Amino acid sequence: KNMNATLAIFEKRLENAGNAWDYVLNNVQRFAEDVITRIQQPNQDAPVAAPDEVSVTDEVMYKDMPETIQDILGAFFVTKMADLGRTLASYHLLMTDVNGLSGFTNEALSLHYQRSVYAGLKGDVRETIDLLKRSLPELTEEATGLAEAVIAMEETIHAKLKRIFDHKIEADKIRIHGDFTLMQIAQTDDRFVIQNFDGDPERSYSQRRLRRSPAKDIANLMRSISYACGEVFEDLAPGLRDETADHLEDWLRTANRYLSAEFLTAYRKATDGTRLLPEDENDLEVLIDSFRIEKALQELRYDLNYRTGQAIVPLRGVLELLEA
């Protein structure tokens, strides 16, 4: 029987390319340091409280942001997040235009697919909770409190995830990147370039070939932005008074939401008129929430297994998603 198989992938070598992770992390660090300065110096023009938060599925462009957020984040940085949204949109549109190749034709989402997504997520929750319980003795006091809060919210996690098969969602599934994080994106002087198309390392090769909702790539990137914000907070918070640290956390959460909303808005504008995402706002929110929780649980398992001291970052991330 004839069978096609990929033996190797060749990618163009990019001269002097950094990656999007370093770019975002450095800009978030700058943002956080500026916020701390404004909080600690009352004569600065930033209020202590962060501006009202937005939903990541809200359509937000730079001009719609509160003036203080615009000032601290900076127009160029926010514009680059929109560029990243358009870059992912171009990749997904390319995946919908691969004619005649087996395994690349668009398929409509179905209740069967949506239930299978939940079945996988249910297993992820169980695996993560079990690992958390075993890892409690290795965590710091603060991380232990967060871990116990996540364990206590196991049923809340399932309640949020079950929404994904409440009814059939009108959208398509395609061949996606599967491991779309800031680390998988090279940055040249004028553009972002997506790299490393081998998919999610936690899945078998046959699973990586399956078509999935493009919302998964979007959610993975949002979690990557969130992780960068969380890492900056954990780096700076120990040197701050508790009240200042609390305010900084609020500002970083707000910045994360605006950056993610900017990325998603640009993606949606570039894919308008397609079935890559559902038109219904509630359905879109359910997909993105479900896949963000999936990615946050994956981050948590990785950190618990390989760098326990950093597990506090995804622990905060999981709790933030459950509180939304």
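Colleague: Which helix gives the largest share of the lining of the second largest pocket?

Modeller: This is a predicted model, so please read every value here as computed from it. α8 and α10 (281–306) each supply at least two residues of the lining of the second largest pocket. The largest share, 5 residues, comes from α10.

Colleague: How much space lies in the second largest pocket?

Modeller: The second largest pocket is lined by 18 residues, and those nearest its centre are Thr181, Lys295, Glu299, Tyr302 and Arg307. By class, its lining has 5 nonpolar, 5 polar and 8 charged residues. The space that lies in this pocket comes to about 510 Å³.

Colleague: Now to the cavities: how many are there of 30 Å³ or more?

Modeller: Rolling a probe the size of a water molecule over the atoms shows where empty space is left. A cavity is a set of points where a 1.4 Å probe fits but cannot get out. With a cut-off of 30 Å³ or more, the count of cavities comes to 2.

Colleague: Which helix gives the most to the lining of the largest cavity?

Modeller: About 170 Å³ of space lies in the largest cavity. Among the helices, α8 (215–236), α9 (242–270) and α11 (312–323) each supply at least two residues of its lining. The one that gives the most, with 6 residues, is α8.

Colleague: How many residues of the lining of the largest cavity are charged?

Modeller: The lining of the largest cavity is made up of 14 residues, and Ser226, Cys229, Gly230, Arg253 and Glu320 lie nearest the centre of that cavity. Arg and Glu count as charged, whereas Cys counts as nonpolar and Gly as polar. When the whole lining is divided in this way, 4 residues are nonpolar, 4 are polar, and the number that are charged is 6.

Colleague: Which helix supplies the largest share of the lining of the second largest cavity?

Modeller: About 60 Å³ of space lies in the second largest cavity, and its lining includes Arg223, Ser226, Asn256, Gly317 and Glu320. By class, the lining of this cavity has 2 nonpolar, 3 polar and 4 charged residues. While α8, α9 and α11 each supply at least two residues of the lining, the largest share, 3 residues, comes from α11.

How values were computed: Residues are numbered from 1 along each chain as its sequence is written. This is a predicted model: local features need pLDDT of at least 70, side-chain atom pairs count only at pLDDT 80 or more; totals for chains, interfaces and linings use all residues. Side-chain values use heavy atoms; hydrogens and water are left out. On a 1 Å grid over the protein atoms alone, a cavity is a set of points where a 1.4 Å probe fits but cannot get out, and a pocket is an open set with protein on both sides within 12 Å along at least five of seven lines; lining residues have an atom within 4 Å of a point. Grid points are joined across faces, edges and corners, and a volume is the space filled by probe spheres set on the points. Helices (H or I, at least four residues) and strands (E, at least two) are DSSP runs, numbered from the N terminus.
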